[in-house]
Amino acid sequence: GFLNLYQEITVDQKKEGVVLKNLKAKYEEVRSVFWCKVKTFFSADLIVLKAIKGKAGKKYAGVLGALLVDYKGIPTKIGSGYTPEERVEFLINVPHMIEVEYKSVTKDGKLFHNSFKRVREDK
């Protein structure tokens with residue numbers, strides 16, 4: 001549909017996303033229920049290299065802090081998107097492959113604004 005077309009355009013032009021708005025609504029100089037920002041994200045299935053335990057004194061001490069994955073030969077930490085149960089489970093039973101969502105790739109080849117989506121048990 002039209003939203004897919006806008007996403008293709010934002011990717012081609014390297015833009016963050018699009019803003020959808022109600023054309024009949026009056027302009028407001030604050031956040032509005034009549035405007036909706038739709039950001040473009042990408043997805044990749046990546047091999048997990050290892051689990052990294054959360055550091056002592058930090059939010060995730062004693063549980064999973066991040067999974068280290070291989071993104072095109074570059075080790076990259078994926079530290080967000082996990083449930084509390086997954087943070088315990090993945091430290092013990094490290095998944096082989098996970099799906100990761102990300103906003104873009106940095107100049108040094110790492111994933112920017114990345115987040116865990118799911119374990120890929122089918123691959």
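Q: What is a salt bridge?
A: A salt bridge is a side-chain nitrogen of Lys or Arg within 4 Å of a carboxyl oxygen of Asp or Glu. Here is the general idea. Side chains of opposite charge can pair when their charged atoms come close. Now the case. This model is predicted. In it, the side chains of R120 and D45 meet in a salt bridge, with 2.9 Å from N to O.

Q: Where in the chain do R120 and D45 sit?
A: They belong to distant parts of the chain. R120 is in the segment after strand 9, and D45 is in strand 3. The two are 75 residues apart.

Q: Is R120 buried or exposed?
A: R120 counts as buried, because its relative accessibility is 11% and the cut-off for buried is under 20%. D45 has a relative accessible area of 25%, so D45 is partly exposed.

Q: Which residue does D122 pair with?
A: D122 forms a salt bridge with R120. Their closest N and O atoms are 2.6 Å apart. D122 itself is exposed, at 55% relative accessible area. Shared partners then join D45, R120 and D122 into one network.

Q: How many salt bridges does the count give?
A: The count comes to four. One of the salt bridges joins R118 to E99, with the closest N and O atoms 2.5 Å apart. This pair also links distant parts of the chain: R118 lies in strand 9 and E99 in strand 6, 19 residues apart. R118 is partly exposed at 40% relative accessibility, whereas E99 is buried at 16%.

Q: How do I read the overall layout? How many helices and strands are there?
A: Start by listing the elements. The chain has two helices and nine strands. Read from the N terminus, the order is α-β-β-β-β-β-α-β-β-β-β.

Q: Which strands pair with strand 3?
A: Look for bridges between strands. Strand 3 and strand 6 run antiparallel and are joined by six bridges. In that pairing, S43 has E101 in strand 6 as its bridge partner. Strand 3 also pairs with strand 4 in the antiparallel sense, over six bridges. There, V48 has V69 of strand 4 as its bridge partner.

Q: What about the inside? Which residues have the most contacts in the largest nonpolar core?
A: First the general idea. In soluble globular proteins, nonpolar side chains tend to be buried together. In this model, the largest nonpolar core has 15 residues. Those with the most contacts inside this core are L46, L67, I78, Y82, I98 and L111. Strand 3 (42-53), strand 4 (64-71) and strand 6 (97-102) each give two or more residues to this core. Strand 4 supplies the largest share, four residues.

Q: What does I78 touch?
A: Leave out residues up to four places away in sequence. I78 then touches A66, L67, V69, V100, L111, N114, S115 and F116.

Q: What share of the chain is buried?
A: Of the 123 residues, 27% count as buried. The accessible surface comes to about 8,900 Å². Carbon and sulfur atoms hold 55% of that surface.

Q: Which residues form a nonpolar patch on the surface?
A: The patch is formed by V19, Y27, V33, F34 and W35. Together they have about 550 Å² of accessible area. V33 is found in the loop between strand 1 (17-21) and strand 2 (35-39). V33 has a relative accessible area of 77%, so V33 is exposed. V19 is found in strand 1 and is partly exposed, at 45%.

Q: What does V19 touch?
A: Again, skip residues up to four places away in sequence. V19 touches W35, C36 and K37. The C-alpha atoms of V19 and C36 are separated by 5.5 Å, although these residues are 17 apart along the chain.

Q: How do I read backbone angles? Where is K72, a residue with a positive phi?
A: The general idea comes first. Most residues other than glycine have a negative phi. K72 has a phi near 55°, a positive value. K72 is in the loop between strand 4 and strand 5 (74-78), and K72 is exposed, at 72% relative accessible area. H113 also has a phi near 55°. H113 lies in the loop between strand 8 (111-112) and strand 9 (115-119). H113 is exposed too, with a relative accessible area of 53%.

Note on methods: Residues are numbered from 1 along each chain as its sequence is written. This is a predicted model: local features need pLDDT of at least 70, side-chain atom pairs count only at pLDDT 80 or more; totals for chains, interfaces and linings use all residues. Side-chain values use heavy atoms; hydrogens and water are left out. Patches are made of residues with over 30% relative accessible area and no salt bridge: like charges are joined within 9 Å, nonpolar side chains (Val, Leu, Ile, Met, Phe, Trp, Tyr) within 5 Å. Accessible areas come from the Shrake-Rupley method with a 1.4 Å probe; for residues, only the protein chains shown count as cover. Buried means under 20% relative accessible area, exposed over 50%, partly exposed in between (1.4 Å probe, protein chains only). A nonpolar core is a set of buried Ala, Val, Leu, Ile, Met, Phe, Trp, Tyr and Cys residues joined through side-chain atoms within 4.5 Å. Contact means heavy atoms within 4.5 Å. Two strands pair if DSSP finds at least two bridges between them.
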